[in-house]
Amino acid sequence: MAKISAVTIERQYCSGGSDIGKLVADNLGIKCYDHELLQMAAEKIGISADEVRNFEEATLSPLRSPLSFRTGIDRKLDLAEKLFAAQAELITEIAKQGSCVIVGRCADYILKNVVPTLSVYIYSSHENRINHAMEAHGIKYDDVENTLKRYDKKRADFYNINTTRNWSSMQTYDICLNSGKLGYEGCADIITGIVINSR
C-alpha cells in the first residue's frame, strides 16, 4: 500500500462529512480544507464574495465535456468553469505541498494521478439526516425533505458532470462509511487508522 497523502471526502447532505473531515485532520495533525477553498478560488480569479455564493458546487453544463483542469484557467470559460478550474488548481497545489483532508469539490478525481489518495464517501440514514438538518441547521420539518433532495442532487450533478463518475456509487470510492451507525468519531477513527497504517 502506498503511503496515503490526501484524504478526500464526498458526503450526503447532513451526513456529517465536513465534521468528520475536521476530526480526521485533527487526529493526523494536518489541515482540512472545505468551504474556504471556494473563497480562495474566487480570489484567484478575481470575483467577489457575493458572486461566489452563487457557485457553491455549481453544476456545469451537461452538454460540455468534463473540464480539463490541467489546462489552466486562461481559456474563455464561463464563471462556473473558471471557478472549478481554480479550485482544481488549488487542490492540486495543496496536496503537493503536504498531507491534507479535502471535503467535496471532486477532490478524489482531481488528485487521482497527483498524490496517493484515500477517497471516502460518508452517508447516513434518511432519518438521521432529517434530524441533523433540523437540529444543526434549523431547517423546518416541512422543508427538510425537499432540502435534502435538493442538496444531494446538486452535489451529485456537480460530481457526475465534472468527473464522469457516479457520485452515489460505492464503487467510486475506496471506502464508504455510515456515520449514523458508526458515529462521527468512529468514522474519523477508521479513516485515521487507514492513513496511519499506510505509513
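These entries cover the sheet, then a helix pair.

I am working with a predicted model, where local features need pLDDT of at least 70, side-chain atom pairs count only at pLDDT 80 or more, and totals for chains, interfaces and linings use all residues. Numbering starts from 1 along each chain as its sequence is written, and side-chain values use heavy atoms, with hydrogens and water left out.

Sheet. I took helices (H or I, at least four residues) and strands (E, at least two) as DSSP runs, numbered from the N terminus. I counted two strands as paired if DSSP finds at least two bridges between them. I found an open sheet of 5 strands, ordered β2-β3-β1-β4-β5, with parallel pairing. At its edges are β2 (31-33) and β5 (175-178), each pairing on one side only. The twist averages 25° from one strand to the next.

Strand pair. I then looked up β4 (residues 117-123), which runs parallel to β5 and is joined to it by 4 bridges. Valine 120 has isoleucine 175 in β5 as its bridge partner.

Helix pair. Axes here are lines fitted to C-alpha atoms, for helices over the stretch in contact, with angles from 0 to 180 degrees between N-to-C directions. The axes of α2 (residues 36-45) and α4 (residues 79-97) come within 8 Å and cross at roughly 110°. The two helices are therefore roughly perpendicular (the class spans 65 to 115 degrees).

Contact. I used heavy atoms within 4.5 Å. Among the contact residues are Leu37, Met40 and Ile45 of α2 and Leu83, Ala86 and Leu90 of α4.

How values were computed
Parallel < 35°, antiparallel > 145°, perpendicular 65-115°, else oblique.
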